[in-house]
Amino acid sequence: MNFKGNHILSVNQFDREAIERVFNVAHQMLPYAKRRKRTTVLEGAILGNLFFEPSTRTRVSFGTAFNLLGGEVRETTGLSNSALAKGESLYDTARVLSGYSDIIAMRHPDSGSVAEFAEGSRVPVINGGDGANEHPTQALLDLYTIQKELQDHGSSIDGMHIAMIGDLKYGRTVHSLSKLLCLFKNVRFTLISPKELNMPASIIAAIENAGHQYTITDQFEGSVDADICYQTRIQEERFPSQHEANQYRGKFRLNQQIYTKHFQSKTVIMHPLPRDSRAEANELDNDLNLNPNLAIFRQTDNGVLVRMALFALTLGVEDIVAQYDRDIHWHVNI
Ligand code: CP
């Protein structure tokens with residue numbers, strides 16, 4: 001895979017070699033993310049950070065990652081605040097905004113919209129989530145986290161068992177992560193969701209074609225000897241109505257008691273976040289916050305590393321980052 005100057009729109013673009021490349025560069029970004037030193041390798045470069053759908057961590061971590069490499073960020077947030085609301089096409093928006101930026105990160109509520117935008121862009125575009133379709137940078141940071149967590153347990157992605165729980169129909173993060181896992185060997189999937197929110201047939205077909213084992217169920221049953229428990233939120237914004245989304249809220253809660261009953265004492269708990277902490281949902285209870293296997297905030301920290309790596313690779317500076325090192329002058333407590 002050639003990163004330099006190219007769009008990152010789908011996990012389908014990646015093979016294992018490309019993933020390893022991203023992870024190696026991400027690992028080298030740790031001292032910058034931890035503020036042990038800084039770099040100005042992207043001084044003068046501008047990221048267009050275009051979020052036409054709500055986001056906290058993806059938007060801010062893209063911006064943070066670009067700033068940590070020395071670049072500047074220009075943002076637009078919300079469809080109603082953009083000229084798309086006046087009928088402007090994605091193509092025209094892309095032609096215009098790519099004239100103001102060296103690279104663009106974008107999120108949009110419609111499947112396929114980021115790829116459509118990229119056709120009009122004169123600079124590389126990174127998909128920050130397009131509807132229920134894909135969230136490739138989340139999948140990469142999830143996989144990076146899984147690799148690190150399993151290494152700490154003396155195991156690896158090949159041969160692991162992952163339980164994916166909740167809204168597997170509309171949850172784009174589980175779609176992208178499953179596709180990446182199809183590049184690995186002997187992965188076992190336990191897919192736990194209400195029947196109506198099952199994993200799409202195309203993803204199941206990919207899992208089958210990769211030769212992986214999978215189980216589909218609509219309830220927690222007995223012991224799930226998973227290495228990874230990947231919980232998700234009911235994606236209420238993608239349901240035809242709020243009423244329909246409400247039927248599934250709170251169906252698969254995870255708290256310390258349920259975790260102890262169904263999972264191993266070493267099962268790593270992940271969630272792409274945001275977790276819905278409202279009482280009627282509460283899919284990942286606060287009583288797990290001090291559980292050392294809760295990796296959700298390690299995921300968000302890793303997101304900065306992975307996004308720094310993707311910017312460095314796409315702009316072709318991955319090998320010269322350290323040439324632009326600077327000292328840190330302020331108190332650091334990260
Ligand atoms: N995981 C994720 O995409 O979070 P945000 O919606 O806050 O960006």
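Okay, let's start with some rings: Phe-51, Phe-62, Phe-66 and Phe-311 are linked by ring pairs into a cluster. Rings of Phe, Tyr and Trp (its six-membered ring) pair here if their centres lie within 6.5 Å; planes under 30 degrees apart are called stacked, over 60 edge-to-face, and the rest tilted. Before I go on, this is a predicted model, so local features need pLDDT of at least 70 and side-chain atom pairs count only at pLDDT 80 or more, while totals for chains, interfaces and linings use all residues. Residues are numbered from 1 along each chain as its sequence is written, and side-chain values use heavy atoms, with hydrogens and water left out.

Over the face of Phe-62 lies Arg-307, at 4.9 Å from the ring centre. The rule for a charge over a ring is NZ of Lys or CZ of Arg within 6 Å of the ring centre and within 35 degrees of the ring normal.

By the pairing rule there are 10 aromatic pairs. Take Phe-220 and Phe-263, an edge-to-face pair with 6.1 Å centre to centre and 85 degrees between the planes. Phe-220 is in the loop between strand E8 (213–217) and strand E9 (228–231), and Phe-263 is in the loop between helix H10 (256–262) and strand E10 (268–270), so this pair ties together parts 43 residues apart in sequence. Those element names come from DSSP runs, numbered from the N terminus: helices (H or I) of at least four residues, strands (E) of at least two. Phe-220 and Phe-263 are both buried, where buried means under 20% relative accessible area, exposed means over 50%, and partly exposed is in between (1.4 Å probe, protein chains only). Phe-263 also pairs with Tyr-259, and that one is stacked: 6.0 Å centre to centre, 20 degrees between the planes.

Now, helix H11. After H11 comes Gly-316, with a positive phi near 70 degrees.

The largest pocket has a volume of about 560 Å³. Of its 27 lining residues, the closest to its centre are Arg-298, Thr-300, Asp-301, Asn-302 and Val-304. Which element gives the most to this lining? That's H11, with nine residues. For the record, a pocket is an open set of points on a 1 Å grid over the protein atoms alone, with protein on both sides within 12 Å along at least five of seven lines; in a cavity a 1.4 Å probe fits but cannot get out, and lining residues have an atom within 4 Å of a point.

The largest cavity holds about 100 Å³ of space. It has 13 lining residues, and Ile-234, Tyr-248, Gly-250, Phe-252 and Glu-283 are the closest to its centre.

Last stop, the backbone. The peptide bond from Leu-273 to Pro-274 is cis, with omega near 5 degrees, and Pro-274 sits in the loop between E10 and H11. Asn-282 is in the loop between E10 and H11 as well, and has a positive phi near 40 degrees. Is Asn-282 buried or exposed? At 18% relative accessibility, Asn-282 counts as buried. Asn-186 has a positive phi too, near 50 degrees, but Asn-186 is exposed, with a relative accessible area of 58%.

Key
Grid points are joined across faces, edges and corners, and a volume is the space filled by probe spheres set on the points.
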